[in-house]
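Welcome! Please take a moment with the sequence and the model, and then let us walk through a few of its parts together.

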Amino acid sequence: MDEVVEVRLTMCDNLYMKKYYVEEERLKKFEKEERAINLLDFLLIRFEINGEIFYPWEGKLLSWKRWLDLSDETLHREVVWENEQGQQSRLKFERFASFADDHVYCMRASVEPLNYTGTVRILSGLDLRTKSNGQIPQKRVAAGFCGHSLWQEEIVGEKYGFHAATGVLHTFSRDGASWENIDSDGLIMQGITFEAQQGQTYTLEKLITTVTSRDYEEGKVLNGSDLLRKGDSLQDCIGRYLDAFSAASYQSEYERHAKIFRELAAKLEISIRGDETADRAIRFSNYHTLLSLVRNDYVHSFSAKGLTGETYNDFVWWDAEIFQAPVFQQTIPAYSRNNILFRYSHLNEAREIAAEEGCAGARFPFTTGATGEETVWIDVRHPFMQIHCVSDVALSVLNYYTCTGDDAFLIDYGMEILLDVSRYWTSRVEWSEENERYEILQVTGTDEHHPYVDNNAYTNYSVYHVLSDTLRLMEKYGEQLNSLKEKIGFTGEDQSRMLDVAEKIYLPLDEKTGMIPQFDGYFDLSRELEVQGGSKSGYTQMKQAGLYNKSQVIKQPDVLMLFAYQNLHLSESLYPSGHSRMQVLAHRRTACDKVYRRNLDYYQGRCEAASSLSYCVHSICYADMDMPESTYGYLMETAEMDLKNMHGGTENGVHSGCATGAWMAVVRGVAGMIMRETHVEFHPHFIPWWEEVSFHCVWHGQGYQVTLSNEEIRICADAQNTGELPVEVNGEKQVLQAGGEINFLV
């Protein structure tokens with residue numbers, strides 16, 4: 001390793017980076033990367049105490065307390081501040097984004113003079129000076145004041161050009177204050193000046209609404225409430241909200257919000273008795289998981305940091321389908337449709353990308369936003385090789401169907417995605433005469449350290465899964481798909497090609513050793529350059545030195561994803577005599593433990609964990625092996641990732657995909673729960689120092705509560721269920737009726 005440490009090369013002078021990562025000619029033309037646009041800042045509230053504005057970096061902070069209430073999504077801050085004149089004030093702030101209406105945000109702020117009586121001025125309103133990518137992308141269209149309210153409309157972003165409008169209603173707790181309207185230097189505010197008495201508290205309530213033209217599509221309201229009506233202008237909508245606010249209050253809006261938030265939070269809740277630290281950390285992760293959910297439209301999908309930070313540009317990655325969507329598919333399935341509808345709405349863009357590559361079907365972009373176009377950094381080469389994201393979109397469709405049994409949605413939307421993804425892959429694979437099989441060449445798997453590889457295991461197995469399941473569903477639906485096939489020009493030849501590729505695609509596995517090579521030639525790379533313990537310094541050194549193409553060090557799990565997130569269970573032989581490939585279901589629980597255990601031991605030791613998505617995968621795998629200490633360790637690294645900033649970068653936004661991994665590590669890992677099309681399967685494991693863990697899920701519309709201890713697992717079907725709940729625990733099958741309960745000793 002000394003040789004690696006000594007090397008200090010910059011990215012563009014590095015031959016490895018030039019070859020595999022950066023296209024220098026495109027880099028020379030690079031000006032700015034595309035990204036999501038920040039709207040204006042409506043959080044603007046300033047307190048001016050006898051002419052001095054409160055800023056944390058001026059005067060003296062005598063106390064500072066900031067906390068998030070996970071029970072109602074309200075952020076609180078309480079400060080005691082002393083200005084340069086020695087005047088001390090207690091300032092309190094609280095705010096929430098309403099779950100009752102996506103267009104409503106509420107703030108409350110107060111000031112209490114502690115050792116003085118004097119003049120206080122509150123400034124509150126909108127700040128248009130917000131930047132995106134270092135630029136101010138907003139352009140004001142109109143603005144105005146009316147009584148104690150103000151509003152503004154702007155055009156957002158040169159490329160997108162959509163309109164947004166924001167309105168604010170202020171309510172102040174004391175009469176006799178003087179009000180002023182201020183429109184200057186990108187700020188539109190109202191000033192409230194009053195004489196504050198020592199020991200008295202003065203409170204400002206700020207009710208805010210924001211509406212954009214993206215809430216409409218062809219005259220139809222996509223995302224709204226009764227206050228948004230087809231044909232209205234944005235200013236009409238803002239006016240209607242402000243009128244409604246005049247009969248409301250912070251408290252009444254809070255009560256509307258809290259009711260819905262708590263109902264939704266309860267659906268994701270995991271409760272742990274006997275380990276307060278784990279219980280709190282997982283609740284925190286579930287909180288951020290819930291905040292990432294787009295409930296009422298599909299103009300966007302899950303992004304890597306939600307809306308908590310600008311890193312990764314708020315774009316949609318493969319995390320959305322593989323890590324984030326499954327939580328909602330198993331808990332709030334009605335809302336889990338939207339990420340599929342987002343992809344469906346951009347099928348034409350995906351078809352155009354495939355055509356540009358010379359392929360058929362649809363090739364979804366590696367990263368994308370509201371336009372559905374490829375938005376990965378223009379100068380970077382290797383992400384364009386990560387075409388596993390195409391299969392990931394299809395896998396999400398299949399997972400949704402497995403969890404919900406929603407035939408109508410699959411026929412109306414999902415099958416079109418599956419058919420065009422299948423056509424892409426059947427045109428993308430290459431036939432090897434030498435090996436008499438289909439192969440997928442020149443790709444990058446989930447492990448970005450190794451671009452330009454052949455037959456990446458995660459990609460090949462995913463493609464097989466998609467093709468075989470799509471063929472099975474085509475047979476199931478039969479003539480019901482005729483109109484869809486005619487619409488997209490899907491022929492019998494396309495179907496025959498799918499069957500041929502599914503039968504003959506290469507699925508990497510050395511049946512003698514039980515090892516799955518991550519890609520062709522992986523085991524020939526150096527084992528001496530491995531980095532133990534997730535060393536980020538090792539990652540930086542090896543990236544600078546350009547040694548990853550010579551090393552077995554991997555960024556994040558690739559092969560292990562097949563077991564943890566695709567529930568792959570290999571039979572003793574993939575090709576038993578007398579049976580075709582399509583007759584062998586690779587997902588049966590006739591698992592070869594030798595394969596799983598050997599690959600876990602090998603790849604975990606070579607994983608640098610440079611991605612926060614690594615830890616939940618390892619936790620699930622170790623749970624499957626009944627290794628509680630390792631299970632728990634990786635689970636806590638997942639759940640406390642942002643509480644303790646364990647991976648770095650939390651200041652730039654939470655790791656949303658990692659947050660969902662905490663839920664999966666408990667439910668899929670510890671409880672061993674896997675949803676199948678015909679039943680729910682459990683292979684329970686234990687954390688010995690947990691007294692009990694419980695959670696709620698929904699399968700095919702039937703809700704159930706699971707409670708797991710070190711002695712038993714209890715499954716209770718919801719009383720309001722309308723159908724049966726078939727379950728299987730360690731191979732034993734039972735059927736639960738509504739309100740029924742079963743206990744298994746484990």
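Leaving aside its neighbours within four places in sequence, which residues is Ala-394 in contact with?

## About the model

This is a predicted model, in which local features need pLDDT of at least 70, side-chain atom pairs count only at pLDDT 80 or more, and totals for chains, interfaces and linings use all residues. Residues are numbered from 1 along each chain as its sequence is written, and side-chain values use heavy atoms, with hydrogens and water left out.

## Around Ala-394

The partners are Leu-418, Val-421 and Val-466, where contact means heavy atoms within 4.5 Å. Ala-394 belongs to helix 10 (residues 388-404); helices (H or I, at least four residues) and strands (E, at least two) are DSSP runs numbered from the N terminus.

Ala-394 has a relative accessible area of 0%, so it is buried. Here buried means under 20% relative accessible area, exposed over 50%, and partly exposed in between (1.4 Å probe, protein chains only). Although 24 residues separate Ala-394 from Leu-418 in sequence, their C-alpha atoms are 5.7 Å apart.

## The two sides of helix 4

In helix 4, the buried residues are Leu-234, Cys-237, Ile-238, Tyr-241, Leu-242 and Phe-245. They cover an arc of only 135° around the axis, so they lie on the same side of helix 4; the arc is that of the directions from the helix axis to the C-beta atoms. Exposed Asp-243 and Ser-246 sit on the face turned away from that buried side.

## A pair of strands

Strand 11 pairs with strand 12 (residues 187-196) in the antiparallel sense over seven bridges; pairing requires that DSSP finds at least two bridges between two strands. Opposite Asp-183 stands Ile-188 in strand 12.
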